[in-house]
Amino acid sequence: MHVFQPISIADVMQGPFTFNKENMMLISAGANGKENATTASWGSIGFLWDRHIATVYLREERYTRELIEASEYFALSFLDLKDYKREVKFMGMVSGKNEDKIKGARLNINHDEDTQVPFIDEASNVIICRKLLCQKLGPDSICDRSLIEEQYQKGGYHTMFIGEIEKIMIR
């Protein structure tokens, strides 16, 4: 019989594309002449349908969700929170539907030369994704009923987006 030693998930989940509360990202998209980004921490990198993928989740009320649904691509921009904590927090608190919150956060948009998807120029790491799936989550799709009480007391269910990773850029 082999002996196995347990290790912390944090010891395995390391690197610039780690998804957690301490490594928030800005998800951006553009459609119909409009661009926006929002703060998020829920996501993962994986392998599905013989493709390298990124999965992210946005609440239904997020304007960026509308833009991702209307576009073919989205980008994940990872900023160093030591330098950009205030800006990342601002991006999660203000809606870009009625104002230019990227300008308000004193951030800048850049565009991927191949896809023209917008991303945050100040990012240290960027993932460009081609949208493969969008799936709205709801009470019927959540198996652990305690999550509804913990995460969705006021509604605002998430939409899951799976994108094929087409490009990773690092500074």
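The model is predicted: local features require pLDDT of at least 70, side-chain atom pairs count only at pLDDT 80 or more, and totals for chains, interfaces and linings use all residues. Residues are numbered from 1 along each chain as its sequence is written, and side-chain values use heavy atoms, with hydrogens and water left out.

The protein chain contains 5 helices and 9 strands, where helices (H or I, at least four residues) and strands (E, at least two) are DSSP runs numbered from the N terminus. Along the sequence, these elements follow the order α-β-β-β-β-α-β-α-α-β-β-β-α-β. The radius of gyration of the protein chain is 17 Å, close to the 16 Å that the globule rule gives for 171 residues, so the chain is as compact as a globular protein of that length. Here the radius is taken over C-alpha atoms, and the rule is 2.2 Å times the number of residues to the power 0.38. Along the principal axes, the C-alpha atoms of the protein chain fill a box of roughly 60 × 40 × 35 Å.

Of the 171 residues, 41% count as buried; buried denotes under 20% relative accessible area, exposed over 50%, and partly exposed the range in between (1.4 Å probe, protein chains only). The protein chain exposes about 10400 Å², of which carbon and sulfur atoms supply 51%; accessible areas come from the Shrake-Rupley method with a 1.4 Å probe, and for residues only the protein chains shown count as cover. Among contacts (heavy atoms within 4.5 Å) with a separation of 6 or more, 69% are accounted for by residues 24 or more positions apart. The protein chain carries 21 positive and 25 negative side chains, and the centres of the two sets lie 5 Å apart. In this count Lys and Arg are positive and Asp and Glu negative, while His and the chain ends are not counted; each charge is placed at NZ of Lys, CZ of Arg, CG of Asp or CD of Glu.

Strand β1 (residues 25-31) is mostly covered, with 6 of its 7 residues buried. Strands β1 and β2 (residues 34-40) run antiparallel and are joined by 7 bridges, pairing being assigned if DSSP finds at least two bridges between two strands. Within this arrangement, Ser28 has Ala37 of β2 as its bridge partner. The hairpin of β1 and β2 has 2 residues between the strands, and Asn32 in this hairpin takes a positive phi near 55°. Strand β1 also pairs with β5 (residues 73-78), in the antiparallel sense and over 4 bridges; in this pairing, Leu26 stands opposite Ser77.

Trp49, although not a glycine, has a positive phi of about 55° and is partly exposed, with a relative accessible area of 44%. Asp50 is found in the loop between β3 and β4 and, although not a glycine, has a positive phi of about 60°. With a relative accessible area of 68%, Asp50 is exposed.

Gly96 lies in the loop between α3 (81-93) and α4 (101-104). Its relative accessibility is 11%, so Gly96 counts as buried. Excluding residues up to four places away in sequence, Gly96 touches Asn36, Tyr63 and Lys101. Gly96 and Arg62 are 34 residues apart in sequence, and their C-alpha atoms are 8.8 Å apart in space.
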